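Please look at the sequence and the model side by side before reading on.

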Amino acid sequence: MVEIQFDGRTEDGQGDDANWFSLNLSNTLPVQGFVNTGTFGVLFRLNGGIQVWDGGENLMPVVEPTFTSVLNTFSNFRVRLSDTAGTGSAFAGNGAQAEIFANGNLVGAYTIDQNVLTGAYIGVGGFNGLHHIDNLTITTVPEAGTAGLAFLGMVLLRVLRRRTV
């Protein structure tokens, strides 16, 4: 699994509370942060709405996505990419899903086209107003089996160390 986490905010520069900033993952170079064919993207709107796009298609959310948006205040967002079981890599050929969190709360889970994840491009963008992204982190989350093997290896090393001392 891969998690992309950041703090983001948008400002109302044009009197439109639907202004947005976006996070895009693409198999081609993203164009000015817009979501298009070959792109998975999330629009985080000033009015607290979230719009999710996959390959140019607006996906219907599993849960109506909303978060509390406060004008000119950062919110914390996290996008977790995994296989469709939610336990492995979104890049391993076992299907892909995206879970989207806003301020620590799951606001949607989406099955996405794994082909848009084959590139190495991450883009950000926005529409109307000013947009800010801060504290961006990209981390890999080990699969449960991998973490279990690492723990078992540490226990085995400790046992072997006790025997040699």
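1. Five strands form an open sheet, and their order across it is S8-S7-S6-S1-S10, with antiparallel pairing; strands here are DSSP runs of type E with at least two residues, numbered from the N terminus, and two of them pair if DSSP finds at least two bridges between them. The edge strands, each of which pairs on one side only, are S8 (105–112) and S10 (131–140). From one strand to the next the twist averages 15 degrees, where axes are lines fitted to C-alpha atoms and angles run from 0 to 180 degrees between N-to-C directions. As background, the strands of a sheet pair through backbone hydrogen bonds, in either a parallel or an antiparallel way.

2. A word on the source: this is a predicted model, in which local features need pLDDT of at least 70 and side-chain atom pairs count only at pLDDT 80 or more, while totals for chains, interfaces and linings use all residues. Residues are numbered from 1 along each chain as its sequence is written, and side-chain values use heavy atoms, with hydrogens and water left out.

3. Within the sheet, strand S7 (residues 96–102) is joined to S8 by seven bridges, and the two run antiparallel. One place to look is Ala96, whose bridge partner in S8 is Ile112.

4. Arg80 belongs to strand S6 (residues 75–82). Which side chain does the side chain of Arg80 meet in a polar contact? The partner is Glu3, at 2.8 Å; a polar contact is a pair of N or O atoms within 3.5 Å, and within protein one must be able to donate a hydrogen and the other to accept it, while residues adjacent in sequence count only if both atoms are side-chain atoms. Leaving aside neighbours within four places in sequence, Arg80 is also in contact (heavy atoms within 4.5 Å) with residues including Met1, Val2, Gln97 and Phe101.

5. A search of the whole structure finds six aromatic pairs; rings of Phe, Tyr and Trp (its six-membered ring) pair if their centres lie within 6.5 Å, and planes under 30 degrees apart count as stacked, over 60 as edge-to-face and the rest as tilted. Phe6 and Phe44 make an edge-to-face pair, with 5.7 Å centre to centre and 80 degrees between the planes. Because Phe6 lies in strand S1 (residues 2–10) and Phe44 in strand S3 (residues 39–45), this pair ties together parts that are 38 residues apart in sequence.

6. Phe44 also forms a tilted pair with Phe77, at 4.2 Å centre to centre and 45 degrees between the planes. Phe44 is in strand S3 and Phe77 in strand S6, so this pair ties together parts that are 33 residues apart in sequence. Buried means under 20% relative accessible area, exposed over 50% and partly exposed in between (1.4 Å probe, protein chains only); Phe44, at 0%, therefore counts as buried, and Phe77 is buried with 1%. Ring pairs link Phe6, Phe21, Phe44 and Phe77 into a cluster.

7. Asp113 lies in the loop between S8 and strand S9 (121–127). Asp113 is partly exposed, with a relative accessible area of 34%.

8. For the chain as a whole, there are one helix and ten strands. Of its 165 residues, 39% count as buried. Among contacts between residues at least 6 apart in sequence, 57% join residues at least 24 apart.

Definitions and conventions: Helix = DSSP H or I, 4+ residues; strand = E, 2+ residues; numbered from the N terminus.
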